[in-house]
Amino acid sequence: LISMSDVSIYNIAKNIFSMTGNLIKSALRPISVQYCKKNTNILNKKTLSIYFILGVCLYLLFLVVVDLIFPFILVGDYTQSIELIRILCISLVIEPLAIILLQHITFNSLVKEYTLSINIVLIIQVFLYFTLAPQYGIKGLIFVNLVIVFIRALMNTLLVRNSYLNKFKIG
């Protein structure tokens, strides 16, 4: 079982990372909206490369911030959350891509399909929490969060891909 101390450490890491994610989403959403308005095909090498490189840059930048600033903010027992934040940072690599995929889903009225995919992801997430948390503790919880980000991005990519196939009667 996870102790109350571990829950506190997990919550600090998760909340700090969530704040960062929200800042990134707020900055990238307007750009993604404009891009989706102008481009109907977002699953091309150029777009994917740009958004992937952006994600890698965000990841590296945030790692530097974590290493330089957080040791002064998170002291004592809470320094353990810094390692968890570093692990969560890995998801920043695909965050820009996830944002543009979600914009495409919204513009193309794939809300019903998106809702179904989110519910499937939530079921997987709950299953993984109950499976990994007892065995691996807070690192298991962080790992589940990381895996879920990648599963959600994969499902959104499949939704966008299927919308192209259906729209242009390909395949």
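Mentor: A word on terms: helices (H or I, at least four residues) and strands (E, at least two) are DSSP runs, numbered from the N terminus. This is a predicted model, where local features need pLDDT of at least 70, side-chain atom pairs count only at pLDDT 80 or more, and totals for chains, interfaces and linings use all residues. Residues are numbered from 1 along each chain as its sequence is written, and side-chain values use heavy atoms, with hydrogens and water left out.

Trainee: Ok. How many helices and strands does the protein have?
Mentor: Five helices and zero strands.

Trainee: How much of the protein is buried?
Mentor: Of its 171 residues, 37% are buried. Buried means under 20% relative accessible area, exposed over 50%, and partly exposed in between (1.4 Å probe, protein chains only).

Trainee: Which residues have the most contacts inside the largest nonpolar core?
Mentor: Phe62, Val66, Phe70, Ile85 and Cys89, in a core of 24 residues. Such a core is a set of buried Ala, Val, Leu, Ile, Met, Phe, Trp, Tyr and Cys residues joined through side-chain atoms within 4.5 Å.

Trainee: Which helices supply it?
Mentor: Helix 1 (4-38), helix 2 (45-73), helix 3 (80-89) and helix 5 (111-167) each supply at least two residues of this core. Helix 1 gives the most, seven.

Trainee: What does Cys89 touch?
Mentor: Beyond its neighbours within four places in sequence, Cys89 is in contact (heavy atoms within 4.5 Å) with Phe17, Tyr59, Phe62, Leu63 and Val66.

Trainee: How many disulfides are there?
Mentor: Zero in the whole structure. A disulfide here is a pair of cysteine sulfur atoms within 2.5 Å.

Trainee: New topic. Which residues lie nearest the centre of the largest pocket?
Mentor: Phe17, Lys25, Glu95, Val149 and Arg152, out of 23 lining residues. On a 1 Å grid over the protein atoms alone, a pocket is an open set of points where a 1.4 Å probe fits, with protein on both sides within 12 Å along at least five of seven lines; lining residues have an atom within 4 Å of a point.

Trainee: Which helix gives the most to that lining?
Mentor: Helix 5, with nine residues. Helix 1 and helix 4 (95-107) each supply at least two.
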